[in-house]
Amino acid sequence: DFKIAKNMDLSLKSFTKRIIKLGKIFAVLTKFSTKFTESKYGSVLHKFCFEIRQFLTQVYLKFVVDECEEQFKNYSQYSIRNLEQALNNECIYKAQILYELCQDILQEMSRRQMMDRAEVDFNNFIDDLRKEERNVAGTSSVSTTNDLENGILLMTDSRLCPLAKGGIVLQLLQNKLKSSWGDQRNMEFLKQIFQNVSASYCSMLEKWLVDGVLNDPYDEF
């Protein structure tokens with residue numbers, strides 16, 4: 001968070017209040033896209049960081065330089081209010097969406113770090129056993145019953161990953177999409193981000209479903 005000095009000139013303070021929110025968003029997005037590029041965070045989060053950098057350089061900064069600075073140089077009446085309105089119409093809502101997604105991911109990272117993962121892993125394992133037992137009890141298949149008697153069950157990996165990556169990041173993106181229903185502008189931007197970020201994960205999923213081969217070097221699946 002940026003703070004404004006108490007003794008700052010009033011006119012400068014008014015300008016600072018208008019720009020401080022955008023400065024915070026820009027700083028967070030820049031640091032986030034730098035921090036989570038390591039391979040241990042997986043290809044999905046790496047791609048999301050790439051999308052953030054693309055937005056900052058190709059959309060936000062490009063608009064500021066090509067449009068806002070050009071208007072400022074050529075029109076003497078160009079004001080802070082004009083700058084604010086231009087940024088709101090073209091960039092701010094996108095930056096705000098990316099900022100909120102970053103906050104969601106960071107919160108999930110923090111939540112997982114604070115968990116007792118051994119206890120969570122055990123509870124997930126027990127829940128899987130109960131679900132499998134209910135599924136078997138609700139079917140009349142002889143082969144399924146025999147599998148249960150012989151101890152042959154198809155179990156899922158119930159371990160909790162300490163990092164929010166892969167499918168977890170995509171789930172957070174989906175949650176953001178659902179909460180944005182009704183806002184066409186936000187939906188279009190989020191759909192584009194989701195499509196770009198999920199490409200590698202979808203390819204991995206398709207390879208597993210079609211060929212039975214799971215190529216998951218970063219443990220994202």
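Reader: Is aspartate 216 buried or exposed?
Author: This is a predicted model. Aspartate 216 lies in the segment after α7 (184–211). Its relative accessible area is 18%. The cut-off for burial is under 20%, so aspartate 216 counts as buried.

Reader: Which residues does aspartate 216 touch, not counting residues up to four places away in sequence?
Author: Aspartate 216 follows α7 in the chain. Leaving out residues up to four places away in sequence, two names remain: Met204 and Phe221.

Reader: How far apart in space are aspartate 216 and glycine 166, C-alpha to C-alpha?
Author: In sequence, 50 residues separate aspartate 216 from glycine 166. In space, C-alpha to C-alpha, the distance is 10.0 Å.

Reader: What is the secondary structure of the chain?
Author: The elements run α-α-α-α-α-α-α from the N terminus on. There are zero strands, and the count of helices is seven.

Reader: What share of the residues of the chain count as buried?
Author: The chain has 221 residues. Burial here means under 20% relative accessible area. The share that counts as buried is 29%.

Reader: What share of the contacts with a separation of 6 or more comes from residues 24 or more positions apart?
Author: Take the contacts in the chain with a separation of 6 or more. Residues 24 or more positions apart account for a share of 68%.

Reader: What is the mean pLDDT of the chain, and where is the pLDDT below 50?
Author: The mean is 81, and 80% of the residues reach 70 or more. Residues 140–145 fall below 50, with two contacts beyond near neighbours in sequence. Another stretch below 50 has seven contacts of that kind: residues 147–155.

Reader: Are α1 and α3 parallel or oblique?
Author: Helix α1 spans residues 10–35, and helix α3 spans residues 80–114. Their axes come within 9 Å and cross at roughly 40°. Roughly parallel would need an angle under 35 degrees. That angle therefore makes α1 oblique to α3.

Reader: Is the crossing of α1 and α3 left-handed or right-handed, and what is the make-up of the contact by class?
Author: α1 passes α3 in a left-handed crossing. By class, the residues of this contact are five charged, two polar and 15 nonpolar.

Reader: Is threonine 16 buried or exposed?
Author: Threonine 16 lies in helix α1. Leaving aside neighbours within four places in sequence, threonine 16 is in contact with Ile4 and Met8. Its relative accessibility is 17%. The limit is under 20%, so threonine 16 counts as buried.

Reader: Which residues does glutamate 108 contact, leaving aside its neighbours within four places in sequence?
Author: Glutamate 108 lies in helix α3. With a relative accessible area of 12%, glutamate 108 is buried. Its contacts, sequence neighbours within four places aside, are Ala164, Ile168 and Leu172.

Reader: Is asparagine 88 buried or partly exposed?
Author: Asparagine 88 has its place in helix α3. Not counting residues up to four places away in sequence, asparagine 88 touches Tyr93 and Arg185. Its relative accessible area is 36%.

Reader: Are α3 and α7 parallel or oblique?
Author: The axes of α3 and α7 lie 11 Å apart. The helices pack at an angle of about 55°. That makes α3 oblique to α7.

Reader: Which residues of α7 meet α3, and what is the handedness of the crossing?
Author: The α3 side holds Asn88, Asn89, Tyr93, Lys94, Ile97, Leu98 and Leu101. The α7 side holds Arg185, Asn186, Phe189, Leu190 and Ile193. By class, the contact divides into seven nonpolar, three polar and two charged residues. The crossing is right-handed.

Reader: Are α6 and α7 parallel or antiparallel?
Author: Helix α6 covers residues 167–179, and its axis is 10 Å from that of α7. The packing angle is about 165°. The cut-off is over 145 degrees, which means α6 is roughly antiparallel to α7.

Reader: What is the make-up by class of the contact of α6 with α7?
Author: α6 passes α7 in a left-handed crossing. From α6, residues including Leu170, Leu173 and Leu177 meet residues of α7, among them Met187, Phe194 and Tyr201. By class, the contact has two charged, three polar and nine nonpolar residues.

Conventions:
Residues numbered from 1 in each chain as written. Predicted model: local features only at pLDDT ≥ 70, side-chain atom pairs only at ≥ 80, totals over all residues. Heavy atoms only, no water. Axes fitted to C-alpha atoms, helices over the stretch in contact; angles between N-to-C directions. Helix = DSSP H or I, 4+ residues; strand = E, 2+ residues; numbered from the N terminus. Parallel < 35°, antiparallel > 145°, perpendicular 65-115°, else oblique. Left-handed = near helix turned anticlockwise from the far one by under 90°. Nonpolar A, V, L, I, M, F, W, Y, C, P; charged D, E, K, R; others polar. pLDDT = per-residue confidence, 0-100. Contact = heavy atoms within 4.5 Å. Buried < 20%, exposed > 50% of the residue type's maximum accessible area, 1.4 Å probe, protein only.
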